[in-house]
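I opened this notebook to record what I looked up, one topic per entry. The sequence and the structure come before the entries.

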Amino acid sequence: MIWCKDSHLEKRGRFQSVCWDPPPHHMILLQLPLCLHDCYFHAEKKRKLKEYHVVGRRIPTDTLKTPPLFKMRIFAPDHVVAKSRYWYFIKKLKKIKKTRGEIVLCQQRYEKRPLTIKNYGIWLRYDSRSGTHNMYREYRDMSTAGAVTQCYRDMGARHRARAHSIQIIRIEAIAAGKCRRPAVKQFHNSKIKFPMPHQTPRHYRDRFTTAKPKTYFK
């Protein structure tokens, strides 16, 4: 596999193309950047985002029988929103309308180790009221989609950043020794304990009672 820059997009310096030597059936798969992570949270605020890989292309014509494929990695609550965001970005980047294109593949990606908690580093760019800012954030989660969900919620709460103004440049699982944020590093202690100062005993609790329950026990 050979990594090379697309000549048409080299001026911007934001895109990379992936081609095979020799290419199968003369088709080139262009890998678009990871900053195309976006989602609207109107009725989907409480739902967790999922990771989708969407591949599309122009409809083949007589002049272009084997159009190139464009692949995007999108985080969305379902496949309908993922396809919608794909056409939103592909129209801006490649001037391909939905009526002149087709979806070749829309596949949900699952975590290889969904029961193992990992440290995720997220490099992002977002637009605020004053300008555009770059940022690096860390989260602990069991999946990439869960870490991205935390990032969107956290950016909206701390910085009032809207989902459409956030562009995730890169996300990857990092080792514990490379973590920077104290909020993540505090969980790397093997002898960490979580006390329970308040608890409700259930073995003799009445179904109906007039007294308030006592939750503090020595």
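Predicted model: local features only at pLDDT ≥ 70, side-chain atom pairs only at ≥ 80, totals over all residues.

**Entry 1: Aromatic rings**

I began with Trp-87, which is buried at a relative accessible area of 11%. Residues are numbered from 1 along each chain as its sequence is written, and side-chain values use heavy atoms, with hydrogens and water left out.

Is Tyr-86 buried or exposed? I found Tyr-86 to be buried, with a relative accessible area of 0%.

I then searched for ring pairs.

**Entry 2: Charges over rings**

I next asked which ring has the charged end of Arg-85 over it. A charge sits over a ring if NZ of Lys or CZ of Arg is within 6 Å of the ring centre and within 35 degrees of the ring normal. The answer is Tyr-88, with the charged end of Arg-85 located 4.2 Å from the ring centre. I noted Arg-180 as well: it lies over the face of Tyr-136, at 4.2 Å from the centre of that ring.

**Entry 3: The order of the chain**

I read the protein chain from end to end and noted 3 helices and 9 strands. Helices (H or I, at least four residues) and strands (E, at least two) are DSSP runs, numbered from the N terminus. In sequence order, the elements give the pattern β-β-β-β-β-α-β-β-β-α-β-α. The protein chain has 218 residues, and buried residues make up 36% of them.

**Entry 4: Positive phi in two loops**

Lys-95 is one of them, with a phi of about 60°. I located Lys-95 in the loop that runs between α1 (79–94) and β6 (101–109), and it counts as exposed at 65% relative accessibility. Arg-160, also not a glycine, has a positive phi of about 55°. I placed Arg-160 in the loop between α2 (144–158) and β9 (166–174); with a relative accessible area of 51%, this residue is exposed.

**Entry 5: The largest pocket**

Where is space left empty? Rolling a probe the size of a water molecule over the atoms shows this. On a 1 Å grid over the protein atoms alone, a pocket is an open set of points where a 1.4 Å probe fits, with protein on both sides within 12 Å along at least five of seven lines; lining residues have an atom within 4 Å of a point. Volume is the space filled by probe spheres set on the points, which are joined across faces, edges and corners.

I read about 450 Å³ of space for the largest pocket. Its lining has 17 residues, and those closest to the centre are Glu-51, Arg-109, Tyr-110, Glu-111 and Lys-112. I noted that β4 (50–58), β6 and α2 each supply at least two lining residues. The largest share comes from β4, with 3 residues.

I then looked at Arg-109 itself. Arg-109 has its place in strand β6 and is partly exposed, at a relative accessible area of 41%. Between Arg-109 and Arg-73 I found 36 residues of separation in sequence and 9.5 Å in space, C-alpha to C-alpha.

Cys-106 is partly exposed at a relative accessible area of 25%, while Cys-179 counts as buried at 7% relative accessibility.

Last, I looked up Met-142, which is found in the loop between β8 (132–141) and α2. Met-142 counts as partly exposed at 40% relative accessibility. I noted that Met-142 and Asn-119 are 23 residues apart in sequence and 8.5 Å apart in space, C-alpha to C-alpha.

Terms used:
Buried < 20%, exposed > 50% of the residue type's maximum accessible area, 1.4 Å probe, protein only.
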